[in-house]
Amino acid sequence: MSPGKQATEPEAVAVAAGVRLEKMHRRVRLSRLALFTAIAAGPVALGVAVVSGPTTVAAVPKAEPTTMRTTAAATDPSGYVQLFLGAWLRSSADDAATAQARFAQSLAPDVELPDRAADAHDAQARLESVTAVRSAQHEAGRWWVTVAAQYADASVRYFAVPVAAADDDGGSFTVTGAPSVVAAPGRAEVTTSPYGVTVPKGELSSTVGQFFDAYLAGAGEVERYLAPGVHLSAVSPAPYSAVTVRQVLAVEEAAATEKVAGDGTAVRVLAQVEARDEAGRWPLAYELELKARSGRWDVAALASGIAQKGDRS
């Protein structure tokens with residue numbers, strides 16, 4: 001072998017290695033490209049890319065993508081209509097320059113104001129409050145909102161008000177027509193309560209009573225009655241001077257014994273309590289979950305409708 005030929009062999013080896021390395025890098029880049037393209041196309045294409053590798057790059061656009069859209073929920077216009085009806089009921093066409101009349105017309109420019117009688121300000125006809133009680137979207141951007149108007153003589157009238165929502169942001173509204181007086185909403189059928197087990201006097205009912213003494217009357221710290229990991233603040237300032245548990249009902253039979261159940265046992269209860277302050281006595285009701293631990297009951301959740309850490313609200 002000639003010296004010249006021997007000198008070129010290392011170079012040829014290096015070139016071949018470089019070519020192989022470049023091909024490897026190219027495959028890696030193609031694999032990454034296929035993966036990123038599949039992610040953008042959707043979970044189906046992503047599965048194809050992961051299984052097939054870089055050879056599926058050309059096939060990725062043909063895969064059926066799973067389109068993911070996040071559509072903001074339409075804003076409920078109940079509060080807007082409640083404001084309008086309160087101002088409209090307090091307005092009069094005879095004095096359209098009042099603040100209430102101007103406000104009503106700003107919310108519903110094309111709606112005529114009522115023509116109130118001169119003696120409409122007596123106690124019987126005086127408006128006390130307005131409350132939105134129901135809303136229904138009957139087509140895109142169109143709602144009917146039912147509002148209850150309560151007067152000083154305790155009478156209540158219900159009004160249905162049409163309102164339109166803007167298509168762009170869902171947070172802009174306009175009342176599109178005059179209110180209409182309608183019948184009161186029907187009363188819903190109440191299902192049988194799941195709390196059918198009577199809880200006798202014992203450890204569980206005692207824990208419930210002590211917990212509400214702390215929670216509502218400020219008698220001690222709430223934390224001592226809570227299960228580990230549960231965080232619940234007492235009502236502050238304490239609204240009541242004393243709290244009495246009148247009855248405790250449960251869902252599970254494990255709550256029907258005077259002694260504490262085995263560790264980890266969970267029960268759901270409905271506590272009927274009577275709270276007292278300077279103004280009188282107030283019947284209140286609370287749903288709780290308690291868990292047994294080391295011979296005692298701990299409050300694991302308070303179903304109050306207000307989310308708190310460790311609470312199943």
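Colleague: Let's start with the helices. Which residues in H4 do Tyr 80, Leu 83, Phe 84, Ala 87 and Trp 88 of H3 meet?

Modeller: This is a predicted model, and in it those H3 residues meet Gln 100, Phe 103, Ala 104 and Leu 107 of H4. To find the two helices, look at residues 78-89 for H3 and residues 99-107 for H4.

Colleague: How do I describe the way they pack: at what angle, and with their axes how far apart?

Modeller: The angle is about 140°, and the axes of H3 and H4 are 8 Å apart. Angles over 145 degrees would count as roughly antiparallel, so H3 is oblique to H4.

Colleague: And is the crossing of H3 and H4 left-handed or right-handed?

Modeller: Left-handed, for this pair H3 and H4.

Colleague: Let me step back. How many helices and strands does the protein chain have?

Modeller: There are 5 helices and 10 strands. The chain has 313 residues, and 31% of them are buried. For contacts with a separation of 6 or more, 48% are between residues 24 or more positions apart.

Colleague: How far can I trust it all? What is the mean pLDDT of the protein chain?

Modeller: The mean is 79, and 69% of the residues reach 70 or more. Now look at residues 1-17: the pLDDT there is below 50, and the stretch has 2 contacts beyond near neighbours in sequence. Residues 305-313 also stay under 50, though the model has 25 contacts for them beyond four places in sequence.

Colleague: Got it. How do I tell a buried residue? Take Thr 207: is it buried or exposed?

Modeller: You check its relative accessible area, and under 20% counts as buried. Thr 207 has 10%, so it's buried. You'll find it in helix H5, residues 203-217.

Colleague: Which residues is Thr 207 in contact with, leaving aside neighbours within four places in sequence?

Modeller: Leu 290 and Trp 297 are in contact with Thr 207. Leu 290 is also worth a look from another side: its C-alpha atom is 7.0 Å from that of Ala 301, and the two residues are 11 apart along the chain. Ala 301 is in strand E10, residues 296-303, and is buried too, with a relative accessible area of 6%.

Colleague: Where is Ser 294, and what is its phi about?

Modeller: Ser 294 is in the loop between strand E9 and E10. Its phi is positive, about 55°, although the residue isn't a glycine. Ser 294 is exposed as well, with a relative accessible area of 61%.

Technical notes. Residues numbered from 1 in each chain as written. Predicted model: local features only at pLDDT ≥ 70, side-chain atom pairs only at ≥ 80, totals over all residues. Heavy atoms only, no water. pLDDT = per-residue confidence, 0-100. Contact = heavy atoms within 4.5 Å. Helix = DSSP H or I, 4+ residues; strand = E, 2+ residues; numbered from the N terminus. Buried < 20%, exposed > 50% of the residue type's maximum accessible area, 1.4 Å probe, protein only. Axes fitted to C-alpha atoms, helices over the stretch in contact; angles between N-to-C directions. Parallel < 35°, antiparallel > 145°, perpendicular 65-115°, else oblique. Left-handed = near helix turned anticlockwise from the far one by under 90°.
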